Amino acid sequence: MLTGLGVATRQVRQPGDLVGLDAVVIPGGESSTMSLLAERSGLLDSLADRLGAGLPAFGTCAGAILLGREILDGRPDQRCLGVIDIAVRRNAYGRQVDSFEEPLTVVGLDSPLVGAFIRAPVIESVGPTVEVLSEIDAIDGARQPVLCRERTITVCTFHPELGDDTRLHEMFIESI
Amino acid sequence: MSDHETGTVRVKRGLAEMLKGGVIMDVVNAEQARIAEDAGACAVMALERVPSDIRRDGGVARASDPEMIDGIKAAVTIPVMAKARIGHFVEAQMLQALGVDYVDESEVLTPADETHHIDKWAFTVPFVCGATNLGEALRRISEGACMIRSKGEAGTGNIVEAVRHLRSILGDIRKITQADPAEQFEWAKRLQAPLGLVQEIHDTGALPVPLFCAGGVATPADAALVMQLGAEAVFVGSGIFKSEHPAVMAKAVVEATTHFNDPDILVKVSRGLGRSMPGLEIGTLETRLADRGW
């Protein structure tokens, strides 16, 4: 998707892969698996250093969990990077049969964007300096943030990387 | 919440997208499921016996006991898959009701229908199906499968069949991208597959759903081999828990799948793993599981 927008990309699997990057995207996947593998390869610590030094990041679903300050319902050994002030409950909607799509109103976009929520997490609390750019109605009627930004870090609990609506990726690229 | 929609194609195929680059391990109890998760598996497949035991024991192999599947679901936080017999839509309905995250309509179990596969569009839960060639893959996708895996001979620890299937599927995809419109009609006929899917492959150069490898993976090198050939993730059945040190082997296969292009890492993770599962020569088999499915 980023290549389609004219951006040069590379996959990051090891610490050395981070050298020279202007920004990182942490996509969906299993957050516990990603945390485990990134920790084993030393990538997690290198990434923490670079993000701390201002490297912009866009995390979707598992990526949002990894970038957040606190993980609820995670594995006990699961780490997060704490570069955006949110607490995220992992896999909070139920099993795969409860995964869903829903149209979202997004600050800065003039028409709705359909979000795909797949075994998605819920952002349960956000700090005072976090901007909430989109929310959905929870079952209990409360509003749940699904797209947030703090300084150079953007996260969402759905998967804009699935499908052909590139607007959130464009927003992220423009913000770099 | 009126626009809230579950079971869409994007959501069903999307979970398969999220498993790319990962390892899905066969487990028969909660303890094995925890070993798999600790090793870095991105999902587990819950079943009563691993394929090499099914092959040894013979008899009819069916979907697993719901209690056993619940035990595994409770033990891990990663997705849990389970197998239904080919054509046994009631087993699939039960697995959906149990809340498994993916159903494998699998040739490893004894088929329940000699002609029909399950109508997978009728389900909210997504399905993975095996395929030995592109025609079989496209027929399964037209029935609603959201992930395709190779059908390497399960329970043999022999990678040769999975390699054959991947080469066949990916080789034909490469040829179709070069085919002119008249040749695309011919491809659809030859593959016994819907023309629309053949045209989609021509335009995109890929299957419309993720392509994973299954069957015969017994070492980290096997996992890296199929990843380099173009598989997008790896299923490991008997290869982990029939090896001498399952926890060590599981971790090594995960590392090898992640760093499949780096021979130095492959050497490092392959040292001192102990015995791999015992292998079987394909020519000596009484039952070829890959022949099941139509």
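Helices (H or I, at least four residues) and strands (E, at least two) are DSSP runs, numbered from the N terminus. Keep that in mind for what follows.

This is a predicted model, where local features need pLDDT of at least 70, side-chain atom pairs count only at pLDDT 80 or more, and totals for chains, interfaces and linings use all residues. Residues are numbered from 1 along each chain as its sequence is written, chains are lettered from A in the order in which they are written, and side-chain values use heavy atoms, without hydrogens and water.

Start with B:Ser150. It sits in strand β7 of chain B, residues 147-150. Is B:Ser150 buried or exposed? Buried, at a relative accessible area of 0%; buried means under 20%, exposed over 50%, partly exposed in between, with a 1.4 Å probe and protein chains only. A polar atom of its side chain lies 2.9 Å from the backbone nitrogen of B:Ala214. Residues that B:Ser150 touches (heavy atoms within 4.5 Å) include B:His165, B:Leu166 and B:Phe212.

Next, the sheet. Its order is β6(A)-β5(A)-β1(B), open and antiparallel. Strands pair if DSSP finds at least two bridges between them. Here 2 bridges join β5(A), residues 100-104, to β1(B). In one, A:Glu101 partners B:Glu5. Which strands stand at the edges? β6 of chain A and β1 of chain B: each has a single partner strand, so one side of each is left without a neighbour in the sheet.

Finally, a helix. α1 of chain B, residues 9-18, lies across β5 and β6 of chain A. It runs at about 50° to β6(A). Axes are lines fitted to C-alpha atoms, for helices over the stretch in contact, and angles run from 0 to 180 degrees between N-to-C directions.

Notes: A polar contact is a pair of N or O atoms within 3.5 Å; within protein, one must be able to donate a hydrogen and the other to accept it, and residues adjacent in sequence count only if both atoms are side-chain atoms. Lists of a residue's contacts leave out its neighbours within four places in sequence.
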